[in-house]
Amino acid sequence: MLACRCYRRLIAAASGSVPSCKKFLVAHSHNPQRSCMSKRQRPTMPQAAASQAAAGEHKHTNRLAKEQSPYLLQHAHNPVEWYPWGEEAFEAARQQDKPIFLSVGYATCHWCHVMEHESFESEETAAIMNKHFINIKVDREERPDVDRVYMTFVQALTGGGGWPMSVWLTPGELKPFYGGTYYPGVDQYGMPSFPTILRRIAQLWSTKREDLEEQASTIMGQLEEFTSSPPASPGTAAAAAAAVDPKQLLAAVRGCAKSLMKGYDPKLGGFGGPPKFPRPSEINLLLRAATEQAAIGGKGGGKVGSMAGSKALSAQQLLQASLHSLQVMAAGGMYDQLGGGFHRYSVDEYWHVPHFEKMMYDNPQLALTYLDAFRITLAAQRQQQKAAAGGSSSSGAAGTIAAADAGAALVSPAAAAGSGAGAAGSSSSSSSSLAVEDDLLMDPRVYATVVRGVLDYTRR
């Protein structure tokens, strides 16, 4: 695919000679034969925007008024002197010797519109941008190649990503030296305002430009090395995994689990404050850690609310955090009860108000996570039924499942079937079993319903 070729070539050229990087960037700027979105695919200019532009009803009009992307047209009348991605912007940056501010977003992005209203529509903020930077606006749906390259940088720099994406580039080689996502219009949420960031970067560019350029070259070199490494073959990856000391692996899982649990909300579920994201990979790791802890008989200590200070987290604590979070997510507004699937995140801490955007990279992972919860609770429910019937001993009101069964639930069905026989004899041992408290023993069918809803959404 062209987008993938664009990505590989742009990364490879970024740390090489300047001409090769420039040839690629310019060749893919506005050439309809080579653009990552063909002219036939591009959306046409909305009639309302066209009529307003023709009537001259706007105080400001910039170069984006000539574009076809609805997202770019939304910014056509900002006081910011926006350029589309292309040679005209690159040449202006070289001639004026200004760094480039690159803003990437898309038409349905909520925080893109918030940042536009707070910052790009502000005369004061626009004056700072126009004075110190050459400003480029990109629609990620029109130029996914540009978005992927600089999003890789932002993720490496900040540990996260998202849109709007804000990146500052050197004028000559288009190498990024600073970046982030959304910045508020004023200092708030513990974040510096966008004008504050602009003034600081402008000051550093004028006083420590060589340091910034050197930093940009170093980062791009590291990114090129990382992205150009060939993926390991299945055999090589398996051999590398087998060579890892199991004790080191267990220590790494425990360390990650303990770090994640510091942000766990024992009252409302989830991790961290609002906005709250589903984070399926983190819940998967907690389930894995619970299984490992139960297998070695680790009891840990401390209540759920004091997990951050406990030396060893118990399997029950880890399981409680996982199942509790999955339950409140499914019961809140983030889960689409009608259309299936989860929205991207909850705006509030109570999981009531969703951000109305569904992501395909979240929902398939969530389906697997809820499937694991279904298997765990179903097995625990069966153990309770056996205990009530006198088939096995039960301590208190909690149901138990063997740690080997829980571990099998986190892998493929084939692996789960293979481990079931060996685990049958260990269910009576409380030191090697994973307990599910009654208040968390939700009907397994609820988890199954969520899985079906997510799968229905992803198939459409």
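Me: Which residues do ring pairs link into a cluster?

Reply: This is a predicted model, and by the ring-pair rule it holds 19 aromatic pairs. Some of these pairs share residues, F101 being one that pairs with W168 and also with F194. The cluster linked by ring pairs consists of W82, F101, F120, W168, Y178, Y183 and F194.

Me: Is the pair of F101 and W168 stacked, edge-to-face or tilted?

Reply: The ring centres of F101 and W168 are 5.0 Å apart, and a pair requires centres within 6.5 Å. Planes under 30 degrees apart would count as stacked and planes over 60 as edge-to-face. The planes of F101 and W168 stand at 45 degrees, so the pair is tilted.

Me: How many residues apart in sequence are the parts that the pair of F101 and W168 ties together?

Reply: F101 belongs to strand β2 (residues 100–105), while W168 belongs to strand β4 (residues 165–169). F101 is buried, with a relative accessible area of 0%, and W168 is buried with a value of 0%.

Me: In which helix does F194, the partner of F101, lie?

Reply: F101 and F194 form a tilted pair, 5.4 Å centre to centre with 55 degrees between the planes. Both residues are buried. The pair links distant parts of the chain, 93 residues apart, with F101 in strand β2 and F194 in helix α9 (residues 194–207).

Me: Over the face of which ring does R140 lie at 3.9 Å from the ring centre?

Reply: R140 lies over the face of Y106, where the distance to the ring centre is 5.3 Å. R140 also lies over a second ring, at 3.9 Å from its centre, and that ring belongs to W163.

Me: What is the volume of the largest pocket?

Reply: The lining of the largest pocket comprises 23 residues, with G161, P275, F277, R344 and Y345 nearest its centre. By class, 14 of the lining residues are nonpolar, 6 polar and 3 charged. The volume of this pocket is about 830 Å³.

Me: Is G161 buried, partly exposed or exposed?

Reply: G161 is placed in the loop between α8 (144–158) and β4. Leaving aside neighbours within four places in sequence, G161 contacts M151, Q155, T181 and R344. Buried would require under 20% relative accessible area and exposed over 50%. With a relative accessibility of 41%, G161 therefore counts as partly exposed.

Definitions and conventions. Residues numbered from 1 in each chain as written. Predicted model: local features only at pLDDT ≥ 70, side-chain atom pairs only at ≥ 80, totals over all residues. Heavy atoms only, no water. 1 Å grid on protein atoms, 1.4 Å probe; cavity = no way out; pocket = protein on both sides within 12 Å on 5 of 7 lines; lining within 4 Å. Points joined across faces, edges and corners; volume = space filled by probe spheres on them. Nonpolar A, V, L, I, M, F, W, Y, C, P; charged D, E, K, R; others polar. Phe/Tyr/Trp six-rings, centres within 6.5 Å; stacked < 30°, edge-to-face > 60°. Helix = DSSP H or I, 4+ residues; strand = E, 2+ residues; numbered from the N terminus. Buried < 20%, exposed > 50% of the residue type's maximum accessible area, 1.4 Å probe, protein only. Lys NZ or Arg CZ within 6 Å of the ring centre and 35° of its normal. Contact = heavy atoms within 4.5 Å.
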